[in-house]
Amino acid sequence: MSQQKFAAQLFITRDAYAKYENGKVNPPLDVLLAISKYYHISTDLLMTVDLRKYKLEEMLNLPDNRILLPIKTDATGENKIEIIPYKASMGYLAGYADPEYIEGLQTMSLPFLRNGKYRAFPVEGDSMPPYKDGTFIIGEYVESIEVLKVGKTHLLVTRTGFTFKRIESVNLNSITVKSDNSFYDNYEIPFSDVWEIWQYAGSFSKHEQHLLKYNDENIKNVLLHLVEEVSALQQMIIK
């Protein structure tokens, strides 16, 4: 498309658009929003990421206002599970929408987690037994609050960090979460504080993360441990 034709789409002159394209002048907010809507690219990515470096298939289209979620694939196109470093929640909060940050994360693959987008997050504390310090929760990306499953465990990425809890209820403007440890009270998280939602799909420990680098036998052991943890959790729910 020529500069003249695209400028007409934005209702500005070709000369004005050329200055934006060449980086001589920063576009005002209304023009930036028009460009964002035309290309279906969120403004945060337009302003912070060089999109020329990444293939379209490495971006996951979303219905929310972020529009794109950076993902990683291997040489065969298989979706990789990124592992967020332990005690690095603030780094993730700053880089969760940045493909360069996501690209630098360590990854793993699990044969039974193929359909969907998965990511592993560190959790701390004793509010969600049997999970404890040193455990990573593998979550499947949830595209919107409307599809949240009440009664299921989720990892919520909020403006203050990671929250791994069971969904008690979805309210008009907030989510009520509860701990499996009855010592802790339920509390509400406003929708405006929720940046990402990941439904529980599995877990592993820091020790198992180290083993994942080596051979198929170790991966088999990790999978068996996952099955044991899921069974233990199911028994707790039944009780």
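Visitor: What makes strand 7 count as mostly covered?

Guide: This is a predicted model, and the answer rests on computed accessibility. A residue is called buried when its relative accessible area is under 20%. In strand 7, residues 153-158, six of six residues are buried, so by that cut-off the strand is mostly covered.

Visitor: How do you know that both faces of strand 7 are covered?

Guide: In a regular strand the side chains alternate between the two faces of the sheet. On one side of strand 7 are Thr153, Leu155 and Val157, and on the other are His154, Leu156 and Thr158; all are buried.

Visitor: Why are strand 7 and strand 8 said to pair?

Guide: Pairing requires at least two bridges. Strand 7 and strand 8 (residues 161-170) have six, in the antiparallel sense, so they pair. A hairpin of two residues joins strand 7 to strand 8.

Visitor: What makes strand 11 a partner of strand 7?

Guide: The cut-off is again at least two bridges. Strand 11 (residues 194-205) forms five with strand 7, also antiparallel, so this counts as a pair. His154 has a bridge partner in each neighbour: Lys165 in strand 8 and Gln199 in strand 11.

Visitor: Which residues touch the most other members of the largest nonpolar core?

Guide: That core has 18 residues, and those with the most contacts to other members are Tyr92, Phe121, Ile137, Leu155, Val157, Phe162 and Phe164. Two or more residues each come from helix 5 (89-95), strand 5, strand 6, strand 7, strand 8 and strand 11. A second, separate core has eleven residues, including Met108, Leu113, Tyr118 and Phe136.

Visitor: What is Val157 in contact with, beyond its neighbours within four places in sequence?

Guide: Its contacts include Tyr92, Leu93, Phe121, Phe162 and Trp198.

Visitor: Why is Phe11 called exposed?

Guide: Exposed means over 50% relative accessible area. Phe11 is at 78%, so it counts as exposed. Phe11 lies in the loop between helix 1 (3-10) and helix 2 (14-21).

Visitor: What is the phi of Phe11?

Guide: Phi of Phe11 is near 60°, a positive value in a residue other than glycine. Most residues other than glycine have a negative phi.

Visitor: What kind of peptide bond joins Pro129 and Pro130?

Guide: The bond is cis, with omega about 10°. Most peptide bonds are trans. Pro130 is in the loop between strand 5 (118-123) and strand 6 (135-142).

Conventions:
Residues are numbered from 1 along each chain as its sequence is written. This is a predicted model: local features need pLDDT of at least 70, side-chain atom pairs count only at pLDDT 80 or more; totals for chains, interfaces and linings use all residues. Side-chain values use heavy atoms; hydrogens and water are left out. Helices (H or I, at least four residues) and strands (E, at least two) are DSSP runs, numbered from the N terminus. Buried means under 20% relative accessible area, exposed over 50%, partly exposed in between (1.4 Å probe, protein chains only). A nonpolar core is a set of buried Ala, Val, Leu, Ile, Met, Phe, Trp, Tyr and Cys residues joined through side-chain atoms within 4.5 Å. Contact means heavy atoms within 4.5 Å.
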